[in-house]
Amino acid sequence: MANKNKLNSSGEAASNKQKLKKQRSDDAKDYSSFKIVFFYCSLIVFLPVVTFFCLKSVVLDRFFTLTDLNTNIYSAVGAVLALHLALGLYIYRAYFGGKDSTKTD
């Protein structure tokens, strides 16, 4: 009877180790996906804002003689273009970049 319990407990331990290893592997994949999505979300939020203010204060106000309205319009167009660039990068990565990580064991 004691041998039977030892076999069951060692079999359960091996099974638990395999489950733990699989869980860690899944967690690593989830964390990797989270980092990618977090990066692109940050890029989508902050790149247009930074582009707007950099164009407005650094480029257009210093180097060109434009009115405030024209400066704001050109800065907004630049921010929209930056947003489209960030969205395009995210869509490209989502469509073409995930093929190697979809392999299953």
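This is a chat about a predicted model of a helical protein.

Student: Which residues of α2 are buried?
Tutor: They are T71, S75, G78, A79, A82 and A86.

Student: Take T71. What is it in contact with, ignoring close sequence neighbours?
Tutor: Leaving aside neighbours within four places in sequence, T71 is in contact with K56, L60, D61 and L66. T71 is found in helix α2, and it counts as buried because its relative accessible area is 0%, against a cut-off of under 20%.

Student: How far is T71 from L55, C-alpha to C-alpha?
Tutor: Their C-alpha atoms are separated by 8.3 Å, and the two residues are 16 residues apart along the chain.

Student: Moving on to S75, is that one buried or exposed?
Tutor: S75 is buried, with a relative accessible area of 0%. S75 also lies in helix α2.

Student: Which residues does S75 contact beyond its neighbours within four places?
Tutor: S75 is in contact with F52, L55, K56 and L60.

Student: What about C54, where is that?
Tutor: C54 is found in helix α1. With a relative accessible area of 39%, C54 is partly exposed, because that value falls between the 20% and 50% cut-offs.

Student: How far apart are C54 and A79?
Tutor: They are 25 residues apart in sequence and 9.8 Å apart in space, C-alpha to C-alpha. A79 is one of the buried residues of α2.

Student: Speaking of sequence separation, what share of the contacts with a separation of 6 or more comes from residues 24 or more positions apart?
Tutor: Such residues account for 59% of those contacts in the protein.

Student: New topic: the surface. Which residues make the nonpolar patch?
Tutor: The patch is made by V58, V59, F63, F64, L66, L69, I73, Y74, V77 and L81, and its area is about 950 Å².

Student: Which helices supply it?
Tutor: Both α1 and α2 supply at least two residues each. The largest share, five residues, comes from α2.

Student: Where does F64 sit, then?
Tutor: F64 is in the loop between α1 and α2. F64 counts as partly exposed because its relative accessibility is 46%, which lies between 20% and 50%.

Student: Where does UniProt place the "transmembrane region" feature?
Tutor: The UniProt entry, which is unreviewed, places it at residues 37-60 and 72-92.

Student: What does the chain look like over 37-60?
Tutor: Residues 37-60 are 100% helix and 0% strand, and the end C-alpha atoms are 33 Å apart.

Student: And 72-92?
Tutor: That span is also 100% helix and 0% strand. Its end C-alpha atoms lie 30 Å apart.

Student: Last one: why does the length of α2 agree with what it should span?
Tutor: At 1.5 Å a residue, the 29 residues of α2 should span 42 Å, and its end C-alpha atoms are 42 Å apart, so the two agree.

Key
Residues numbered from 1 in each chain as written. Predicted model: local features only at pLDDT ≥ 70, side-chain atom pairs only at ≥ 80, totals over all residues. Heavy atoms only, no water. Patch = residues over 30% accessible without salt bridge, like charges linked within 9 Å, V, L, I, M, F, W, Y side chains within 5 Å. Areas by Shrake-Rupley, 256 points an atom, 1.4 Å probe, with all protein chains shown as cover. Salt bridge = Lys/Arg side-chain N within 4 Å of Asp/Glu carboxyl O. Helix = DSSP H or I, 4+ residues; strand = E, 2+ residues; numbered from the N terminus. Buried < 20%, exposed > 50% of the residue type's maximum accessible area, 1.4 Å probe, protein only. UniProt positions renumbered as here; feature names shortened; annotations may be inferred. Contact = heavy atoms within 4.5 Å. Expected span 1.5 Å × (residues − 1).
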